[in-house]
Amino acid sequence: HKEKPPAYFCLMYSLAEENYLKAVFKLSKGQTGQVSTNELAAELSTRAASVTDMLKKLAAKKLISYQRYQGVALTPKGKKVAVATVRKHRLWEFFLHEKLHFGWDEVHEVAEQLEHINSELLTDRLEEFLGFPPHDPHGEPIPRKDGSGI
């Protein structure tokens, strides 16, 4: 019988899945509005056909609601994953800028990599270590663990 993972372990999604969810969140401005396949393709610098393939996978996992030609919207489950990814990204940007003295124009690319570390415990401790900052170096709000603050 399999042991249950510790409470601080996050359900893992692929880097691509997290990036798609984050892009839908960004394009919908955190609301429940529909985002078109072409908007997503432009945001992610990929082809519409590739977007459609991923949207089908995300819909199967109940992370988005998707109907062909009608766009895509995050489900509550998908929004939770997107907000957690945004939270990690912005906390890492703050850390890189404030503690490691990266320029604010340098933090994004490194944070893009670090945001995919799936340890809720690490993210919580990073936020605490940083003193619960309300904004990243670009002035964007950092969501709280419960998803508030955006």
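Helices (H or I, at least four residues) and strands (E, at least two) are DSSP runs, numbered from the N terminus. The model is predicted, so local features need pLDDT of at least 70 and side-chain atom pairs count only at pLDDT 80 or more, while totals for chains, interfaces and linings use all residues. Residues are numbered from 1 along each chain as its sequence is written, and side-chain values use heavy atoms, with hydrogens and water left out.

**Exercise 1.** Describe the largest nonpolar core and state which element gives the largest share.

Solution. 
- Step 1: A nonpolar core is a set of buried Ala, Val, Leu, Ile, Met, Phe, Trp, Tyr and Cys residues joined through side-chain atoms within 4.5 Å.
- Step 2: The largest such core has 22 residues, and L21, L40, L55, L58, I64, V72 and L74 have the most contacts inside it.
- Step 3: Two or more residues each come from α1 (15–27), α2 (37–44), α3 (48–60), β1 (64–67), β2 (71–74) and α4 (76–98).
- Step 4: The largest share, 5 residues, is from α1.
- Step 5: A second, separate core has 10 residues, among them L91, F94, V107 and A111.

**Exercise 2.** Classify how α4 is oriented to α1 and to α6.

Solution. 
- Step 1: Axes are lines fitted to C-alpha atoms, for helices over the stretch in contact, and angles run from 0 to 180 degrees between N-to-C directions.
- Step 2: Angles under 35 degrees count as roughly parallel, over 145 as roughly antiparallel, 65 to 115 as roughly perpendicular and the rest as oblique.
- Step 3: The axes of α1 and α4 come within 8 Å and cross at roughly 95°. α1 is therefore roughly perpendicular to α4.
- Step 4: The axes of α4 and helix α6 (residues 120–129) come within 10 Å, crossing at roughly 40°. α4 and α6 are therefore oblique to each other.
- Step 5: On the α4 side, R87, K88, L91, W92 and F95 make the contact; on the α6 side, L122, T123, D124, L126, E127 and F129 do.

Terms used
Buried means under 20% relative accessible area, exposed over 50%, partly exposed in between (1.4 Å probe, protein chains only). Contact means heavy atoms within 4.5 Å.
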